[in-house]
Amino acid sequence: MYIIFLMIAVSVTVATAFLLAFLWAVRSGQYDDDYTPAVRMLFDNEVTTKSSKKSKEEQSIGKSLQP
């Protein structure tokens with residue numbers, strides 16, 4: 001019967017150790033996203049090129065409509 005209490009105590013101790021290790025990892029930045037900010041600037045360039053193409057097209061249409 002004592003082995004059950006021993007196993008419960010060991011399992012609670014191991015679970016507490018894993019919880020503390022997880023909390024330490026989260027607070028130290030182990031799960032921070034390092035990849036997305038590097039790729040985000042590539043997507044920003046695509047969006048600006050599309051808007052600049054549209055503005056150039058609008059300017060050329062506006063010039064052609066002027067007498």
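Helices (H or I, at least four residues) and strands (E, at least two) are DSSP runs, numbered from the N terminus. In this predicted model, local features need pLDDT of at least 70 and side-chain atom pairs count only at pLDDT 80 or more, while totals for chains, interfaces and linings use all residues. Residues are numbered from 1 along each chain as its sequence is written, and side-chain values use heavy atoms, with hydrogens and water left out.

Helix α1 covers residues 2-27 and includes I4. T16 also belongs to helix α1. A polar atom of the T16 side chain lies 2.8 Å from the backbone oxygen of V12.

V12 and I4 are among the residues that make a nonpolar surface patch of about 1300 Å². Other members include M1, Y2, F5 and F18. Such a patch is made of residues with over 30% relative accessible area and no salt bridge, its nonpolar side chains (Val, Leu, Ile, Met, Phe, Trp, Tyr) being joined within 5 Å.

The table gives relative accessibility, where buried means under 20%, exposed over 50%, and partly exposed in between (1.4 Å probe, protein chains only).

| Residue | Relative accessibility | Class |
|---|---|---|
| I4 | 44% | partly exposed |
| T16 | 38% | partly exposed |
| F22 | 43% | partly exposed |
| Y31 | 58% | exposed |

Terms used: Patches are made of residues with over 30% relative accessible area and no salt bridge: like charges are joined within 9 Å, nonpolar side chains (Val, Leu, Ile, Met, Phe, Trp, Tyr) within 5 Å. Accessible areas come from the Shrake-Rupley method with a 1.4 Å probe; for residues, only the protein chains shown count as cover. A salt bridge is a side-chain nitrogen of Lys or Arg within 4 Å of a carboxyl oxygen of Asp or Glu. A polar contact is a pair of N or O atoms within 3.5 Å; within protein, one must be able to donate a hydrogen and the other to accept it, and residues adjacent in sequence count only if both atoms are side-chain atoms.
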